[in-house]
Amino acid sequence: MSGSAVFHRDFGADYPLIVSAQGSYLYAEDGTEYLDGSSGAVAANLGHGVTEIADAMREQALRVGFAHTLRFETAALHDAAARIQSLAPEGFTRVFFASGGSEANESAFKLARQYHLSRGESSRHLVVGMWDNYHGNTLGALAVGGDASRRQHYAPMLPRTLRLPSWRDSADAMAPVAALEKLVRSEGAENISALILEPLVGSQLGAFEPEHEALRKIAKICRTHGIVLIADEVMTGFGRCGTNFAVERSGIVPDLITFGKGVTGGYAPLSGVIVSDPIVQAVRDSGGVFHHGYTYSGHPVAVAAAAAALRFYAERDVLENVALRGAELRSGLESLAARYPSAITDVRGAGLLLALELSPALTARGGANALNRAAMARGLVLYPGASTRADSRGNATVVPHLLVAPPLTATPAEIAEL
Ligand code: PLP
């Protein structure tokens, strides 16, 4: 069992002590072998024990372990930024670095505001989010995000933000589009700075992809009204859904893309914002200083891990593996759903970000968390979640789901076992 000085997230939980990990498996001190069916929190995207990444980190730590990016650059910083920029859609020219996904989104909110200030639009400050999208646990990201249970304890501390209804609140897939039009009218476009969304909603709705047409309409409204569109690709970026970024699926072109998790394959905490050229130019032309940054922005060891991870993605044809293994996994999950139709109500997602939606009847028996505990007792780790849906009479139903998202390097045998 883990050390007693740790302030655990859940003091009532059992935390097996992991002593080694390889490929898609984690090994505990007591001999239990866990199949990592969710890549941790959808972060360990290249599996465990990748020597190329570990070697690059060691080498970097010995060469330059820390150099503050307020004063210095490193070759690894250039290498990581160039690789990330080359994977982004056309027109994205610079990469700002942070450490976690929440920090990346906070940075994007500030960058959007600074962009407007640099253009003399100083009244633009509001950020629009959506119910059932998740952007992180820091106060700004939590305020914009739409996870009611994560927000509830901190509600009085959260700054004012605006939120569109959840994609699942209405049978009409276009309802959030109409809500955005209404918001722009009621708040005034001149007060709205940015809109953030997950192009494929990960943890909150369980790998739910909005209709592409709805995403395109939202993007168009943002463009028309000068609202900076932020695509949160913290979970979906770097091949998780079968394309480098999930925005490629609908063809929407955001102004900022935030990333995290998979950029280092989980080997180091690194995140950031990929910035489109008009925003880069506006900031450059108005004094050239982004009034924001972190001690660990562009940490040499973290960016060296990213450069090595991104080389690995490219050289090992990881995207091709996502397509092949994703199809195998989906078909396996569909067979499972066919076998347990009263428990599994939907199989969805893209690439290797898949989910089983579960019957609300399971909520009374502990929902997805109970199922995940049962899976862990049998050596399988998944990623449980739930969302709340209201019917037309306002009755709320909790709908549990399990994310199934193994490493993008999983082998056919690992997928079959999963
Ligand atoms: N955005 C999305 C879409 C996420 O899935 C997450 C984490 O799960 C975050 C932001 C927050 O990232 P972090 O936990 O690294 O701060």
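I began with phenylalanine 238, which I found in the loop between strand S8 (228–232) and helix H9 (247–250); helices (H or I, at least four residues) and strands (E, at least two) are DSSP runs, numbered from the N terminus. I note that this is a predicted model, in which local features need pLDDT of at least 70 and side-chain atom pairs count only at pLDDT 80 or more, while totals for chains, interfaces and linings use all residues. Residues are numbered from 1 along each chain as its sequence is written.

Next I asked how phenylalanine 238 sits: buried or exposed? Phenylalanine 238 counts as buried because it has 27 C-beta neighbours inside 10 Å; a residue is buried if 20 or more other C-beta atoms lie within 10 Å of its own, exposed if 12 or fewer, and partly exposed in between, with C-beta atoms placed from the backbone. I also looked up the phi of phenylalanine 238, which is near 65 degrees, a positive value in a residue other than glycine.

I then turned to valine 42, a residue of helix H1 (residues 39–42), and found its phi near 55 degrees, again positive in a residue other than glycine. Valine 42 is buried, since 24 other C-beta atoms lie within 10 Å.

Strand S12 (residues 353–358) came next, and I recorded that six of its six residues are buried, so the strand is largely enclosed by the rest of the structure. Leu353, Ala355 and Glu357 point one way from S12, whereas Leu354, Leu356 and Leu358 point the other way, and all are buried.

Which strands pair with S12? Strand S11 (residues 344–350) runs antiparallel to S12 and is joined to it by six bridges, where two strands pair if DSSP finds at least two bridges between them. Within this pairing, leucine 356 in S12 is the bridge partner of valine 347. S11 and S12 form a hairpin with two residues between them, and glycine 351 in the turn has a positive phi of about 60 degrees. Strand S15 (residues 396–404) also pairs with S12 in the antiparallel sense, over four bridges, and here alanine 355 stands opposite leucine 403 in S15.

My last entry concerns serine 170, placed in the loop between strand S6 (162–164) and helix H7 (175–187). Serine 170 counts as partly exposed because it has 16 C-beta neighbours inside 10 Å. Leaving aside residues up to four places away in sequence, serine 170 touches Pro165 and Ala175, contact being defined as C-beta atoms, placed from the backbone, that lie within 7 Å. Serine 170 and alanine 390 are 220 residues apart in sequence, yet I read 8.6 Å between them in space, C-alpha to C-alpha.

Terms used
Two residues are in contact if their C-beta atoms, placed from the backbone, lie within 7 Å.
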